[in-house]
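Hi,

Here is the structure I said I would pass on. My notes on it follow below.

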Amino acid sequence: MIPHTFPTWQSQNWQDELKQLIRDPKELFEYLQLPLTLLPNALRASDDFQLRVPRPYAARINKGNINDPLLRQVLPTGEELIAQPGYSHDPLGEAQNNPVPGVIHKYHGRLLLIVSGSCVINCRYCFRRHFPYSDNKPSRQEWQQALDYIRADSSLTEIILSGGDPLSSSNAQLQWLIDAIGAIQHVERLRIHTRLPIMIPSRIDATFLQMLQQTHLQTIMVIHCNHPQEIDTDVNLALRQLQQAGVTLLNQAVLLKGINDTNEVQIKLSQSLFRVGVLPYYLHLLDRVSGAHHFGVEEDTAKNLLVYLRNRLPGYLVPKLVREEAGAPSKTPIAT
Ligand SMILES: *Cc1c(COP(=O)(O)O)cnc(C)c1O
Ligand code: SF4
């Protein structure tokens, strides 16, 4: 046997991982040895919002544990099918801030580009689970419209690549876009919101790292990590390489009932993130999107949690507790 000098994921191409997502609930149930009594509802909920789980992520789920915090984020359940008052299809009113295809401009000085219509994973609590992505998958020509929009507004110093997941686009597409953004004089910073370094760490490949190293834009990556168990050796390595490429790493998490709503998990999340070079940024209260009500955490519980974190952790390891409100000029901080 030749000893492995490189982690195994480097031999696995991320494009292949994308093609090999687990999409069939039955396959997930078999792989994770889950009770088949839950399968019929999983199939029904998956009809509404498809199951999608990358294999490197599935490998971090404990087999046979229906309450595994990673599993709960991806497993379609019967609870999603129950309508709840106060939960809607577009809770953030994003459809109103969509001036040209692919652009969401809500806040001063920064703007969000929907680079890719799809996500590699379908988180069950996703606030964009009903977003009309098919109307927001810009062609090159439409990208010109988005770029013109940025060019025309000199207050825009930061461009945020979002989605879906922007890193499900090819390196060639990203290179084109980053070059085009970099050529606009008033833009200083490029921010990428992505869950891919967690889901499929091999996505952080040499070509992508080079692209980030070469752009003159200051680059920030906001990874979406909700639980310390999501961070394994491969994730660690991908994050280290991003740091070496000069990228500032931040995390935003969603506070999810039964997944990360305890003092212990949140303390461990902050500490585990910092160990791999990531600072906590936002902790979001769940957006009231229909189908996700069972993940909601009471505001009072969230406040108590934050007070606990503040009393236990250095200030830089305490995330900002926020909620997103339609029409507000920024994320809304929750006073504690
Ligand atoms: C969250 C968000 C941003 C970024 O807000 P920050 O407070 O700068 O992190 C920008 N645009 C939209 C539409 C957003 O939802
Ligand atoms: S990664 Fe984000 S955008 Fe994608 S499904 Fe999950 S919550 Fe939604």
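Starting with the helix pair: helix 9 passes helix 10 in a right-handed crossing (right-handed if the near helix is turned clockwise from the far one by less than a right angle, left-handed if anticlockwise). Helices here are DSSP runs (H or I, at least four residues), and strands are E runs of at least two, numbered from the N terminus. On the helix 9 side, Phe208, Leu209, Leu212 and Gln213 meet Gln241, Leu242 and Gln244 of helix 10, where contact means heavy atoms within 4.5 Å. That makes four nonpolar residues, three polar and no charged (Ala, Val, Leu, Ile, Met, Phe, Trp, Tyr, Cys and Pro count as nonpolar, Asp, Glu, Lys and Arg as charged, the others, Gly among them, as polar).

Two caveats: this is a predicted model, with local features needing pLDDT of at least 70 and side-chain atom pairs pLDDT 80 or more, while totals for chains, interfaces and linings use all residues. Residues are numbered from 1 along each chain as its sequence is written, chains are lettered from A and ligands numbered from 1 in the order written, and side-chain values use heavy atoms, leaving out hydrogens and water.

Next, serine 118 sits in the loop between strand 2 (110-116) and helix 6 (140-151). Beyond its neighbours within four places in sequence, serine 118 touches Arg52, Gly164, Asp165 and Ser168. Its C-alpha atom is 9.2 Å from that of serine 169, 51 residues apart along the chain.

Finally, the buried residues of helix 7 pack against strand 2, helix 6, strand 3 (158-163), strand 4 (189-194) and helix 9 (buried means under 20% relative accessible area, exposed over 50%, partly exposed in between, with a 1.4 Å probe and protein chains only). Among them are Leu174, Leu177 and Ile181.

Cheers
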